[in-house]
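Every answer sets a computed value against its definition.

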Amino acid sequence: MKHILLIFMVILLGFSPVAKAQTEFNRQFTLAEAQQYALENSYSVKGAAYDLQVARKKVWETIADGLPQIDVAADYSNNLDLSVSLLPSEFFGGTPGTYTPIKFGQRYTSSASISVNQKIFDGSYIVGTMAAKVFVQLSNDQKEKTEIEIINTISQSYFTVLVAEENYKTILENVEINEKLLNETSAYHQNGFREELDVDQIRLLLNTSKNKLADAKRAIQTSRIILNFGLGLAINEKLELTNSLEELVDPIRTESPVINNFNLSNHIDFRVLQTQMKAQELIIKKEQAAYLPTISAFYNYGKNTSSDYTNVFKSEVPWFKSSVLGFQLKMPIFSAGQKRSRIKQEKINFMKLENQQEMTQQNLQMDVSLSFTNLLNAQEKYENDREGLKIAKRIFDRTRIKFNEGISTSTELSENEKQYLDTHSAYINSTLTLLNSKIAFEKALGNL
């Protein structure tokens, strides 16, 4: 009995609205939720996070280069054929002028050693540790820049999906109207109240509307694929976008944008350049440090043996120890101008960064001004196109009513429908432009 009740409940849940919604949509996102999800899961942000991890590991790699370096070495050799030396035979009481071959050494040799090296002074190392930390900061800046780009991209993709779906709804409504109108006109024609030309004209309108509907459907599919990719999801995963166009557009319509809160030093592009200039200054110092001496200490301890026994670790096999402690000083004297040339190259690279920084300052100021103007224009155009859509819709509705009453012609109906669809297309473009202009303005201000 319990199994029967369980099956019955599963069937009911399968046909319930909640279960149907879960089947239709895998996830639900507001715009803010989509942005946050992308910051945690998008491919580009993950890549930037990996770069930051590598940069942090690079710091320790650089620091470790100045810590004691310990190496252990061991070898074991089987001298299959000992080298032969020729000695005068007269040394051994032989005939003068002749030589006797003599083998020196023993068949098996082995040695083991441990060496320690420690830098005492190295200007390049000191600068390198500073540069490694700046490299971490640069990687962190690049990660932040990537996150801003992701927020911008996800916002535009989210808007595009909503606009495409809104466009599809309007065209679908127009298709349904034309199908109803075709049926009515065909019925009038069969009863002698309409000409065949009117039927053909309405059928042509319907076919055109269906083509537009197919294009609108493909636009939705394409925009959703782009959004899913930006979020780091499977491109065929179904998402429900819970923000409506009105929720996103209405606040922009009523606001008055201002640019008096723009702070150049807070903009990520400017901060990235500042970090690059710090890194370049350290590169120059590193090249200059090549003129300084380097001092290091070393210690080596080892043992070696030779034996005719295969096992050189037998107690009767003697091992002989050796040890060395010393210091090393390297002082560059002459490099034929190579070091000076490198320093000059890096100074020129710094000058290039200075020029790029000045250009970036002007570009950022220009972006703020242009995006501000574009946002104002987008607000004005949106309002005009919104009002124009209402007017075109009224004209089209009245013409359709007049056509049904036999007062208007099919040609006039066709022209007014085209006017309505063109106006609607302009309104859709204005909506998307308004939303994107707002995001572009916030990005230019460095507020994303």
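Buried means under 20% relative accessible area, exposed means over 50%, and partly exposed covers what lies in between, with a 1.4 Å probe and protein chains only. The model is predicted, so local features need pLDDT of at least 70 and side-chain atom pairs count only at pLDDT 80 or more, while totals for chains, interfaces and linings use all residues. Residues are numbered from 1 along each chain as its sequence is written, and side-chain values use heavy atoms, with hydrogens and water left out.

Q: Why is Phe-29 called buried?
A: Phe-29 has a relative accessibility of 6%, and the limit for buried is under 20%, so Phe-29 counts as buried.

Q: What makes the pair of Phe-29 and Tyr-37 tilted?
A: Rings of Phe, Tyr and Trp (its six-membered ring) pair if their centres lie within 6.5 Å, and planes under 30 degrees apart count as stacked, over 60 as edge-to-face and the rest as tilted. A search of the whole structure finds 6 aromatic pairs. In the pair of Phe-29 and Tyr-37 the centres are 5.3 Å apart and the planes stand at 55°, so by the definition the pair is tilted. Tyr-37 is also buried, at 17% relative accessible area.

Q: How do you know that the pair of Tyr-43 and Phe-229 links distant parts of the chain?
A: Tyr-43 and Phe-229 form a tilted pair, with 5.5 Å centre to centre and 40° between the planes. Tyr-43 belongs to helix α4 (residues 43-64) and Phe-229 to helix α6 (residues 196-231), 186 residues apart; helices (H or I, at least four residues) and strands (E, at least two) are DSSP runs, numbered from the N terminus. Tyr-43 is partly exposed at 47% relative accessibility, whereas Phe-229 is exposed at 54%.

Q: What makes Glu-144 and Arg-271 a link between parts apart in sequence?
A: The closest N and O atoms of their salt bridge are 2.7 Å apart. Glu-144 is in helix α5 and Arg-271 in helix α8 (residues 268-289), so parts that are 127 residues apart in sequence are tied together. Glu-144 is partly exposed, at 26% relative accessible area, and Arg-271 is partly exposed at 22%.

Q: How do you know that Asp-397 and Arg-400 are separated by about one helical turn?
A: Asp-397 and Arg-400 are 3 residues apart in helix α9 (residues 338-404), and therefore about one helical turn separates them. Their side chains meet in a salt bridge at 3.0 Å, N to O.

Q: What makes β2 and β8 the edges of the sheet?
A: Two strands pair if DSSP finds at least two bridges between them. The open sheet has 4 strands in the order β2-β5-β7-β8, with antiparallel pairing. β2 (69-78) and β8 each have a single partner strand, so one side of each is left without a neighbour in the sheet.

Q: How do you know that β5 and β7 pair?
A: β5 and strand β7 (residues 294-307) run antiparallel and are joined by 13 bridges, where the definition asks for at least two.

Q: Why is Phe-327 called exposed?
A: Phe-327, which is found in strand β8, has a relative accessibility of 62%; the limit for exposed is over 50%, so Phe-327 counts as exposed.

Key
A salt bridge is a side-chain nitrogen of Lys or Arg within 4 Å of a carboxyl oxygen of Asp or Glu.
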